[in-house]
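Please read the following briefing alongside the sequence and the coordinates.

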Amino acid sequence: LVLSDIGYGALLLTLVAALWAAVGSGVGAWRRRPELVASARNALLVTAGLSTLSAILLLVLLYSHDFEVSYVYEHVSTYLKPAYVLAAFWAGLEGSQLLWLWMLAIFTGLLVLRRPTWDRELRPYAMAALALTQAFFALLLIVFTNPFELLPTIPAEGVSLNPLLQNFWMIIHPPIIFVAYALWTIPFAYAFAALVTGRLDAGWLHGTRRWTLAAWATLGIGILVGAWWAYLELGWGGYWGWDPVENSSLIPWLVGTAFVHSTIIQQRRDMFRAWNVLLATLTFVLTVFATFVTRSGLIQSVHAFAQSPIGWYYLGYMLLSLVVVIGLTLARQRELSGEGQLGDLLSREFVFLVTNLLFLGSAAAVLLGTLWPTFTEAVRGVATSLGPENYDRFMGPLGLLLILLIGICPLIDWREISGRQLLGKLWVQVVVAFLTAVLLVVFGVREAWAVVSFAVTAFVAATIVLQMALGIRARMRTAKENVVVATGRAVSMNRRRYGGQLIHFSILLIVIGITGSKAYQNEWQVPLAVAESIEVGGYTLTYQDYTYQELEDDGAKVRNQAVLDVYRGGRKLVTVRPERNLHSNVQGAVTEVALHSNLKEDLYVILAGLDPDGLAAFQVIVNPLVIWLWIGGAVLIAGTLIAAWPPRRRRR
Amino acid sequence: VGIAIFFLLALIVAGFILYPLLPGRAPAPEVLAVTDGAIEQAVRDMRRSRSRPGLNCPACGKGYQVGDHFCVRCGSALPQAASPGLVCPSCSTTLEEGDRFCAKCGHQVDSAEVA
């Protein structure tokens, strides 16, 4: 078939062009042959074009229901809604790898289109690293996971997309994650280039700062969108279950967060040079690991390695990246020793170091927990996985400690501060935290850790507000501006600082959401017949109506739903319609939850069972404060935009 | 048809990639501009040369730099005589402690003259 042949051919050419780009830019920079580097640059523009061509062809095949192509057969059907055909693109390993290659090629293309400025020396080596990564994915796509592979016969109908993935958030979640993974490749490529050229001053961090911030924020948003999907679609009332797929994207985020923070130290104090190079590399390697884990089934079983050799290739590329970077790091010890010295135990440098170690520690802990079933299966032959409570036990305290440091760190001076001075700056926050705790206890909050969590949040919020107020007051005094002008100018003159503070604030909102929903989730199992009412959690639910159908042989999907009116205090709030649908391509029913949110809590209704005569079993969950997670996500985007916005161009 | 399109595509791609390698197409060797990193390094070096060891606030002990009038930590006035005297009497270039000749004009620096 012509289209799939061209798609595969484009992948072959991508591999050749990427390999040429890697060799050309490397040799060109080494032997000072600018024409080779120019040729490599063209090759990278070519890979961007060719991978776009492959991606478009796969989309065309998916939309034209060309079931001769195995990937199309497995992921779409004639009755799948067009919007979800898009989701089918990244529903499998083949499609996701193509998506990653495509995004990486696009970003690389954008990078080389811009004239080199600060990175004149570094760019060819960064191009080589990016090209090699592209070649790696192209090779995997060609040899093991060809999305254009044909079936021997042409089936009349496709298997269709897993109904759990038929959700708006599943259309956008994977692309966000893969954009983030592709973006993380760029800091890694420059870390490699800095090592090769020996230009290990803060230049590469400064130059890649926006890429790094974009990668970091995109990954965070991707994780939140994934959580939102799980909350809406999986129907167990939670948004995070510490399952391997979720963990695998959280691990690079944790290491990436450590990186984002330690870059500040190198830029301000010229410390942690080697540390930054390693963190950038580790984050990249972990994104590769995450893709592999998510799609290969390694965590479910070590036998995934036996089933397909692709696992060894992933492992090989991860090891290759690590070994090369560590080897270069050892060879560059002289250039890697910065001038800054770690000062006093009570200094901002030291607190940053502690923060870094905590992030890495939590990443290592989550990684260990994720791989635990694999270890136990390899050693004892039986896979035992860790439940969410195991993760909560160590990630809860670690997380709170990190949050607390957000509130303390800005008050500690660089180099040193005396304990007495620090206390002088801290007492307001301590009072605020203490009052918060007392008020919560007075109003009936009894869970100790929830009180602690909210008190810590109040402490940090007080620091952020006080710092902001100090900056604004200083402007009002010295520049004689009113509050509004002073606020606007303070933020626009110091975007990095205030953008960062806003991001910290968004993390607080997320902590509030997590604490509220963890501590006060309430759940009721409610059997109802039509026209019956029940009161749960302050709401009155009246079961009004239902539709019930059996699945027919050739039917795509049968929608079974119950209709409930929700009242609160005698006033009707909303009508909700939880569903329990049957799909021809999966066993059993798939629930679609009904959700009613406000700032205080979510009412979450699951249709757990429905009889032909209308007798229904509902699972009603009241989840306090969950909406703050998503509001936090929006604030995080705003903060990142402020922090990364290019400064106004100065006149020459 | 597929194979024909593939070879056509391959040909275009190869042409585009190899075009810069044609004789006469080589870009002019790039002049290495001063990088941000180099500028930052120079600024750091200048800063370091301004802050000499032994310049500490007499009230609280915090280090300060040549030209500072007040301590950044405790606010007390800093002794002024120690710093701005070290200039060449002939051409006003800043001198390092212990210099016997001005690095710029070669004027012999008499320690009494500078103090």
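Two residues are in contact when they have heavy atoms within 4.5 Å. On that basis, residues 24 or more positions apart account for 73% of the contacts in chain A with a separation of 6 or more, whereas in chain B 8% of the contacts between residues at least 6 apart in sequence join residues at least 24 apart.

This is a predicted model, in which local features need pLDDT of at least 70 and side-chain atom pairs count only at pLDDT 80 or more, while totals for chains, interfaces and linings use all residues. Residues are numbered from 1 along each chain as its sequence is written, chains are lettered from A and ligands numbered from 1 in the order in which they are written, and side-chain values use heavy atoms, with hydrogens and water left out.

**Chain A as a whole**

- Chain A holds 21 helices and eleven strands, where helices (H or I, at least four residues) and strands (E, at least two) are DSSP runs numbered from the N terminus.
- The radius of gyration of chain A, taken over C-alpha atoms, is 27 Å, close to the 26 Å that the globule rule (2.2 Å times the number of residues to the power 0.38) gives for 652 residues, so chain A is as compact as a globular protein of that length.
- Along the principal axes, the C-alpha atoms of chain A fill a box of roughly 80 × 70 × 55 Å.
- Of the 652 residues of chain A, 55% count as buried, where buried means under 20% relative accessible area, exposed over 50%, and partly exposed in between (1.4 Å probe, protein chains only).

**Chain B as a whole**

- Chain B has three helices and zero strands, and its elements run α-α-α from the N terminus on.
- Of the 115 residues of chain B, 19% count as buried.

**Nonpolar cores**

- A nonpolar core is a set of buried Ala, Val, Leu, Ile, Met, Phe, Trp, Tyr and Cys residues joined through side-chain atoms within 4.5 Å; in the largest one, which has 162 residues, Leu62(A), Trp204(A) and Trp630(A) touch the most other members.
- Helix α7 (residues 168-197) of chain A supplies the largest share of this core, 18 residues.
- A second, separate core of 19 residues includes Val605(A), Leu610(A), Val620(A) and Val622(A).
- Leaving aside neighbours within four places in sequence, Trp630(A) is in contact with Leu224(A), Ala227(A), Trp228(A), Tyr231(A) and Tyr239(A).

**Ile514(A) and its surroundings**

- Ile514(A) lies in helix α20 (residues 495-520) of chain A and is partly exposed, with a relative accessible area of 35%.
- Not counting residues up to four places away in sequence, Ile514(A) touches Tyr239(A) and Leu629(A).
- Although Ile514(A) and Leu629(A) are 115 residues apart along the chain, their C-alpha atoms are separated by 7.1 Å.

- Most residues other than glycine have a negative phi.
- Lys480(A), which is not a glycine, has a positive phi of about 50 degrees; Lys480(A) sits in the loop between α18 (448-479) and α19 (483-493) of chain A and counts as exposed at 70% relative accessibility.
- Ala531(A), also not a glycine, has a positive phi of about 80 degrees; Ala531(A) is placed in the loop between β1 (522-528) and β2 (533-536) of chain A and is exposed, with a relative accessible area of 60%.
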